[in-house]
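This briefing accompanies a single protein model and is arranged by topic. Please read it alongside the sequence and the coordinates.

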Amino acid sequence: MGAILIAAPKISSPTTKRILNLNYLKKFIHSDKTPMQILILAAIVGTLVGFMGVLFQLGVDYLSQLRQSIPKQYFSETWQVVVTTFAISFTLSLFAYYIVKKFSPESGGSGIPEIEGALQDVRPVRWWRVLPVKFFGGLGTLSSGMVLGREGPTVQLGANLAAMVGAIFKVKLSENRHILLASGAAAGLSVAFNAPFAGVIFVIEEMREEFKYGLISFKAVLIGAIMSTVVYRFINGNASLLDVGIFGYAPMESLWLFIVMGFIIGVIGLLFNRSLLFLQDCFQAFYNGKTYRFILMGGIIGGSCGVIALYLPVVVGEGFNVIHDWTKGSFTLQMILIFFVIRFFTSIISFSSGAPGGVFSPLLALGTLSGAFFGDIAADLFPSYELHAGMFAIAGMGALFAATVRAPLTGALLVLELTSNFALILPMLITCLGATIVAQLFGGRPLYTTLLKKTLAKENKKLKLPLDQN
């Protein structure tokens with residue numbers, strides 16, 4: 001008996017198709033839209049952070065130009081220029097320290113430990129205070145000539161913008177608020193350095209203990225970093241921030257030199273962290289809770305950096321200036337060593353005093369100088385390798401960052417994106433890993449984790465509570 005085949009009816013009627021489409025639409029409407037909502041909010045956050053980051057950098061550049069041009073425009077005597085420059089830088093930094101102390105103490109420093117603490121729910125996110133104070137405070141300190149980086153303000157501002165967006169759109173779940181905070185932080189680092197990949201890896205690597213990794217959270221962080229970078233490049237173009245030249249692949253037989261340099265820079269990173277933390281304790285002991293001491297010290301440091309910039313600009317400021325000057329080939333070994341030592345101390349003095357500003361850029365400058373010093377010697381000792389000191393300078397940038405922050409992947413990718421030297425990825429990773437291992441073997445602790453623990457200990461001491469009750 002033959003089988004009876006019944007053909008399925010073809011859906012060709014327009015009415016039937018509309019009904020099926022409506023069913024899909026109803027299913028979408030009644031589905032859980034939380035993931036989609038978070039991704040859309042992450043895009044909004046990234047866009048806002050992009051505009052904020054560009055505006056912040058334009059403001060720093062504009063005020064820095066005024067600081068340098070006004071004294072020379074209106075005065076001809078050297079002492080008049082010096083006094084006026086000191087007064088301008090003093091006022092800019094004094095204002096920054098004042099608003100930090102008066103309105104938002106958590107805006108002091110880089111702000112990254114505050115974001116890590118917020119992701120652990122142990123630090124508050126008072127975006128209505130932090131946004132204006134960090135923005136204008138960062139403008140004051142960076143434009144005064146202090147040795148600080150732009151990434152601290154943009155990362156903290158980015159996370160606080162995310163908190164503001166979450167409050168406006170009434171995001172209730174703690175997990176979703178954390179995702180937005182991480183997205184804002186990634187967007188902040190991305191727009192600071194035009195480096196979206198580094199922004200994403202920074203959140204995953206540096207905030208690994210606080211960031212709740214998942215498919216939605218990763219997508220949100222990625223979207224935030226992309227959108228902020230799109231805004232940055234739409235306004236400023238696609239060029240890398242650091243034009244140090246493009247280098248080819250390092251010979252395989254020379255890779256051992258990068259390992260050795262990584263070990264040396266690991267020791268430097270350990271010394272940098274311990275010196276910074278020691279000096280921070282010294283400043284706190286001097287302040288002794290007295291507001292006028294904190295504000296006055298900030299003014300003096302800022303004013304002094306402004307005057308130093310008149311005669312030796314490579315040892316103060318964010319750090320990109322010394323990197324660009326080094327590429328011109330006018331630095332001798334003795335000059336590199338002197339500039340490194342001076343910048344080492346100006347960096348830790350500026351940051352440990354409590355100024356609103358970051359430490360990434362100063363670390364990149366110190367890493368460049370240390371790598372260039374090692375590279376010049378290596379190129380002379382091993383001419384058969386046909387090495388350029390710039391290869392070591394670029395690897396040194398990422399290595400010192402990795403040893404200090406304990407984030408080797410972030411350091412490597414950040415520098416590669418900054419310089420567009422992706423051919424150096426292997427020696428870069430080797431140097432960063434070596435620096436991190438040495439810093440860890442000698443008992444070094446990640447900088448931001450240590451700073452967060454110190455902040456929590458200080459708060460608990462005020463409340464007279466044990467640390468584990470926070």
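Predicted model: local features only at pLDDT ≥ 70, side-chain atom pairs only at ≥ 80, totals over all residues.

Which domains does the domain assignment of the protein chain give? The assignment gives domain 1, covering residues 36–236, and domain 2, covering residues 252–456.

**Domains and their contact**
- The C-alpha centres of domain 1 and domain 2 are separated by 21 Å.
- Where the two domains meet, 55 residues of domain 1 are in contact with 54 residues of domain 2.

**Fold and overall dimensions**
- In terms of secondary structure, the protein chain contains 18 helices and 0 strands.
- The C-alpha trace of the protein chain spans about 105 × 60 × 50 Å along its principal axes.
- When contacts between residues at least 6 apart in sequence are considered, 82% of them join residues that are at least 24 apart.

**Burial, surface and charge**
- Of the 470 residues in the protein chain, 54% are buried.
- The accessible surface of the protein chain amounts to about 21500 Å², and 68% of this surface belongs to carbon and sulfur atoms.
- The protein chain carries 35 positive and 24 negative side chains, and the centres of these two sets lie 13 Å apart.

**Ser183, a residue within a helix**
- Ser183 is part of helix H7, which comprises residues 174–193.
- The relative accessibility of Ser183 is 0%, and Ser183 therefore counts as buried, given that the cut-off for burial is under 20% relative accessible area.
- Apart from neighbours within four places in sequence, the residues in contact with Ser183 are Ala42, Ala220, Val221 and Gly224.

**Lys328, a residue within a loop**
- Lys328 lies in the loop that connects helix H12 (320–327) with helix H13 (333–352).
- With a relative accessibility of 65%, Lys328 counts as exposed, since the cut-off for exposure is over 50%.
- Lys328 and Gln440 are 112 residues apart along the chain, and a distance of 35 Å separates their C-alpha atoms.

**The two residues side by side**

Notes: Residues numbered from 1 in each chain as written. Heavy atoms only, no water. Helix = DSSP H or I, 4+ residues; strand = E, 2+ residues; numbered from the N terminus. Buried < 20%, exposed > 50% of the residue type's maximum accessible area, 1.4 Å probe, protein only. Contact = heavy atoms within 4.5 Å. Areas by Shrake-Rupley, 256 points an atom, 1.4 Å probe, with all protein chains shown as cover. Lys, Arg positive; Asp, Glu negative; His and termini not counted. Charge placed at Lys NZ, Arg CZ, Asp CG, Glu CD. Domains from an automatic or database assignment.
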